[in-house]
Amino acid sequence: MVATSPGYSITLRVGTEVGKASTSDLVAAAAATGASVTALDVVESTPHSVIIDVSADTRDVAHADEVSDALNALTGVEVHKVSDRTFLLHLGGKLESTPKVPLRNRDDLSRAYTPGVARVCKAIAENKEDARRLTIKRNTVAVVTDGTAVLGLGDIGPEAAMPVMEGKAVLFKQFADVDAWPVALDTKDTEEIISICKAIAPAYGGINLEDIAAPRCFEIEARLREELDIPVFHDDQHGTGVVTLAALKNALKVVGKKLEDLRIVVSGVGAAGNAIIRLLQVAGATNIIACGRDGAIGPDSTVDTDHKKWLQANTNPEGFAGSLKEAVVGADVFIGVSAPNVLNGDDIAAMNKDALVFAMANPDPEVDPAEAAKHAAVVATGRSDFPNQINNVLAFPGIFRGLLDAEARDVDENIMVAAADAIASCIPEDELHPGYVVPSVFDPEVATKVAEAVAQVCVLKPQRVSVPGGGE
């Protein structure tokens, strides 16, 4: 049974007749459905009735209805209202604009706006580089999407993508004090997206591409990297790649293996899979098999996109031909960024001794983590309710913090490897174990260490370099 989740948290406003049902009866009825009761608050009490708010985590919407029905079935109890706490959190959006300077009197207004602001405008007109010093460009990132690859929901459109983009901006601010703003574009035209990003670039110190479907995302990123003088980072590709590499580096310490000796199977050849493979190769991996829907990509595969042609030319050195299930036999590492339940416990049992399994499809992994853990030495997923969560929030806030601090103009593979090393270093070697190879997303050290490592590389290697997954 799927576990309850705060993502499906509800509050039920319940009325009870005095003497008919106790608070313990309410808790017991909710718990009997499998809900996790998290709070019980008396809202109003009279000699004849009591109004109580019962908060609980449920499995899904249907389970929430089941809880409501269970409480309504109690004698003397009526459920007046059921509130979805996730929707309540989103009312009015998750972001706001607040000024950094006070406007208390005419003097303040004269400096922040007219006439004083004109002097600042003139200074920037004479030297555009001053925009990084004298405007929000210094600390602001555009989170750009077209809504075509949102979470596991697919092409749901720019409006429906906004809650995710807002959430991304909140994470930027919370973890790295970077001001980020959603830019949801009502177009799927590659040239138009590139043109819009170039047009808005003067206001931003970086662009974070988000939830743009492959293969379009490859060309968009590559072109923007070439044509803009600010860093462009596609988090679905490179954020995932950085955290995966960090987790793999620590997992290898646990099992005592070396990256260059591994046989690695990657399920999923879209944006994330492509970037993971390229970054692993930069870090030293030599034997990677990329598997799509039709099995392993090899010399005789029919491929129809540039990024798959690159995979055909640069992976699978042994020329393996077969299905994903056949590919994992004898493999040291399985990395999944594809679809749920494509493997089972028997498939993991057929892997090499001390196998590493990173099943990152969300919300349902490529293999049941509990089944995988019976055979693999280390198991990681993309979920927060299992150990070793591969979460991009470990990467992108710190990476952009470092890029902005260094006034960087590009992102390259050296930066990504440095970021992965920084994330991995947040767990001391004597604390590593199979259930702890990835630091917590709430570890305050992570963003700071990543930012410092990225800024250091930017200072040492300021030149523009092509990026794994950038289509070059």
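In helix 18, the residues Val446, Ala447, Val450, Ala451, Ala453, Val454, Ala455, Val457 and Cys458 are buried, where buried means under 20% relative accessible area, exposed over 50% and partly exposed in between, with a 1.4 Å probe and protein chains only. The structure is a predicted model, in which local features need pLDDT of at least 70 and side-chain atom pairs count only at pLDDT 80 or more, while totals for chains, interfaces and linings use all residues. Residues are numbered from 1 along each chain as its sequence is written, and side-chain values use heavy atoms, with hydrogens and water left out.

**Helix 18**
- Helices (H or I, at least four residues) and strands (E, at least two) are DSSP runs numbered from the N terminus.
- Helix 18 covers residues 444-460, and its 17 residues reach 26 Å from the first C-alpha to the last, close to the 24 Å expected at 1.5 Å a residue, a span taken as 1.5 Å times one less than the number of residues.
- The buried residues of helix 18 pack against helix 7, helix 16 (396-405) and helix 17 (413-424), and contact here means heavy atoms within 4.5 Å.
- At the N-terminal end, helix 18 is capped by Asp443, which has a side-chain oxygen 2.9 Å from the backbone nitrogen of Glu445.

- Four strands form an open sheet in the order 6-5-7-8 with parallel pairing, and two strands pair if DSSP finds at least two bridges between them.
- Strand 6 (179-184) and strand 8 (232-234) are at the edges with a single partner strand each, so one side of each has no neighbour in the sheet.
- Within the sheet, strand 5 (residues 140-145) pairs with strand 7 (residues 206-209) in the parallel sense over four bridges, and Val141 has Gly206 in strand 7 as its bridge partner.
- Helix 7 (residues 158-176) lies across strand 5, strand 6 and strand 7 and runs at about 170 degrees to strand 6, where axes are lines fitted to C-alpha atoms, for helices over the stretch in contact, and angles run from 0 to 180 degrees between N-to-C directions.

**Pro182 in strand 6**
- Pro182 is found in strand 6, and this residue is buried, with a relative accessible area of 9%.
- Although Pro182 and Ala142 are 40 residues apart along the chain, their C-alpha atoms are separated by 6.2 Å.
- Not counting residues up to four places away in sequence, Pro182 touches Leu95, Val143, Met162, Met165, Glu166 and Ala169.

Terms used
A polar contact is a pair of N or O atoms within 3.5 Å; within protein, one must be able to donate a hydrogen and the other to accept it, and residues adjacent in sequence count only if both atoms are side-chain atoms.
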